[in-house]
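This report walks through the contacts, the open space and the backbone details of one model. Please have the sequence and coordinates at hand.

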Amino acid sequence: MSNEQTSPDGQSAVTRRRLLLGVPLLGGAGICGVAFWKMLSGMQTGSFNPHDINAPATGRPVPDFTLPDQTPGTGFATADLKALTRPVLINFFASWCIPCIAEMEALLALQKQLPIWGVAYKDKPENAAGLLKHAGNPYTRIGSDREGRVAIDWGVSGVPESFLIAPGGMIVWHSAAGLDSPEVRDGLKNALKAVSG
Amino acid sequence: MFRLKAALLLVCLSAPVMAWAVDDPSEMLPDPKQERQAEAIGAQLRCLVCQNESIEDSSAGLARDLRKVVREHVARGESSQQVIDWMVARYGNFIRLSPPVTIATLLLWGMPVLALLIGIVSAIMIFHRRTAMPTPLTEAEQARLRELADDR
């Protein structure tokens, strides 16, 4: 204080100090603004989805479950996934779910790269079979989860949802969005590359 | 006719009140104490479909399933914390309507204290500036002061 009073340029030193005080405030506002802008642009390009639920599934073994048969495939259980020697994609779907039907084409294309096992979530067996007859069947095995209880153990909050399972039964990747989105497919491709070494 | 309209209006007005999510009394546990515990747990869990409602308030299919799971666990005699932990293990902390205090949520929880501190500091600074900011003496004034002091 006394320093400023004796300084011949006291007036401008005070102004400078007041300006400096505003810097952290402006900086904070700037950071918030940039973060908000990034979030909004991410929503537009699809890299950020506020509805995407980040279930803590990745990096843990598959839960204990048994799924009965759903025509035209055979059901499967935890042991089948633990006995895997190559990666498998687990895809929860339902005939009543429009995004699932939109995703089918992408699944049919993906089927050539890795086996896909389906889980008919809360679906009537005849409806699920009807969908696959109509849209094509990307699944090598299909289980039926009529009550949706197995889905809860997997942390599924809605269909479609997909999990990449590494040999040994480890969940290495998860998406709560459909594979018809290029971003989701890229994520899967990277995860698959990492698993295949 | 007027009576009919009035009755319809009454039904419309009371609709939000009637919108109980537990749409089937058979969902409820027979033991009222356990049912109260299950309701209290459900009120803390987020419906992942509607996202800003608790599973106890939501009529989404998944919310109904989760309510059922909660009641099964409660009927088995589990504590509320055990049931919530079971849910968090599957859906992550997002399922909890009030986020726990972690490194990631520290700013969120600290915001009221932080806002109060910022307010106090700026109030002190504004007050201080108003009272203790005499304009410094110019060279001429200082010379005159020295002159006056020397006169004595």
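## Salt bridges

The model is predicted. Over all chains, the count comes to 10 salt bridges. One of them pairs B:Glu27 with B:Arg67, with N and O 2.9 Å apart. B:Glu27 sits in the loop between helix 1 (2–18) and helix 2 (32–43) of chain B, and B:Arg67 sits in helix 3 of chain B, so this pair ties together parts 40 residues apart in sequence.

Between chain B and chain A, the count is 4 salt bridges. Among them is the pair of B:Asp65 and A:Lys122. Here the closest N and O atoms are 2.4 Å apart. That is inside the 4 Å cut-off for a salt bridge.

## The interface of chain B and chain A

Contact involves 23 residues of chain B and 22 residues of chain A. Together the two chains bury about 1900 Å². Carbon and sulfur atoms carry 53% of that area. The interface also holds 5 residue pairs in polar contact, with both residues at pLDDT 80 or more.

Which elements of chain B give two or more residues to the side that touches chain A? They are helix 3 (61–75), helix 4 (80–91) and helix 5 (106–131) of chain B. Helix 3 of chain B gives the most, with 7 residues. By class, this side of chain B has 15 nonpolar, 3 polar and 5 charged residues.

## The largest pocket

The largest pocket has a volume of about 330 Å³. Residues from chain A and chain B line this pocket. From chain A come A:Arg18, A:Leu21, A:Gly22, A:Pro24, A:Leu25 and A:Gly28. From chain B come B:Ile118, B:Val121, B:Ser122 and B:Met125.

Which elements each supply at least two residues of the lining? Helix 2 (10–45) of chain A and helix 5 of chain B do. Helix 2 of chain A provides the largest share, 6 residues. Sorted by class, the lining has 6 nonpolar, 3 polar and 1 charged residues.

## Backbone details in chain A

Most residues other than glycine have a negative phi, and most peptide bonds are trans.

A cis peptide bond joins A:Thr71 and A:Pro72, with omega about 5°. A:Pro72 belongs to the loop between strand 1 (60–61) and helix 3 (78–82) of chain A. The peptide bond from A:Val159 to A:Pro160 is also cis, and its omega is near -5°. A:Pro160 lies in the loop between helix 6 (149–154) and strand 5 (161–166) of chain A.

Where does A:Lys122 lie? It is in the loop between strand 3 (116–121) and helix 5 (125–135) of chain A. Phi of A:Lys122 is near 45°, a positive value in a residue other than glycine. A:Lys122 is also the residue that forms a salt bridge with B:Asp65.

Conventions. Residues are numbered from 1 along each chain as its sequence is written. Chains are lettered from A and ligands numbered from 1 in the order in which they are written. This is a predicted model: local features need pLDDT of at least 70, side-chain atom pairs count only at pLDDT 80 or more; totals for chains, interfaces and linings use all residues. Side-chain values use heavy atoms; hydrogens and water are left out. Contact means heavy atoms within 4.5 Å. Buried area is the accessible area (1.4 Å probe) that two parts lose on being put together, summed over both. A salt bridge is a side-chain nitrogen of Lys or Arg within 4 Å of a carboxyl oxygen of Asp or Glu. A polar contact is a pair of N or O atoms within 3.5 Å; within protein, one must be able to donate a hydrogen and the other to accept it, and residues adjacent in sequence count only if both atoms are side-chain atoms. Helices (H or I, at least four residues) and strands (E, at least two) are DSSP runs, numbered from the N terminus. Ala, Val, Leu, Ile, Met, Phe, Trp, Tyr, Cys and Pro count as nonpolar, Asp, Glu, Lys and Arg as charged, and the others, Gly among them, as polar. On a 1 Å grid over the protein atoms alone, a cavity is a set of points where a 1.4 Å probe fits but cannot get out, and a pocket is an open set with protein on both sides within 12 Å along at least five of seven lines; lining residues have an atom within 4 Å of a point. Grid points are joined across faces, edges and corners, and a volume is the space filled by probe spheres set on the points.
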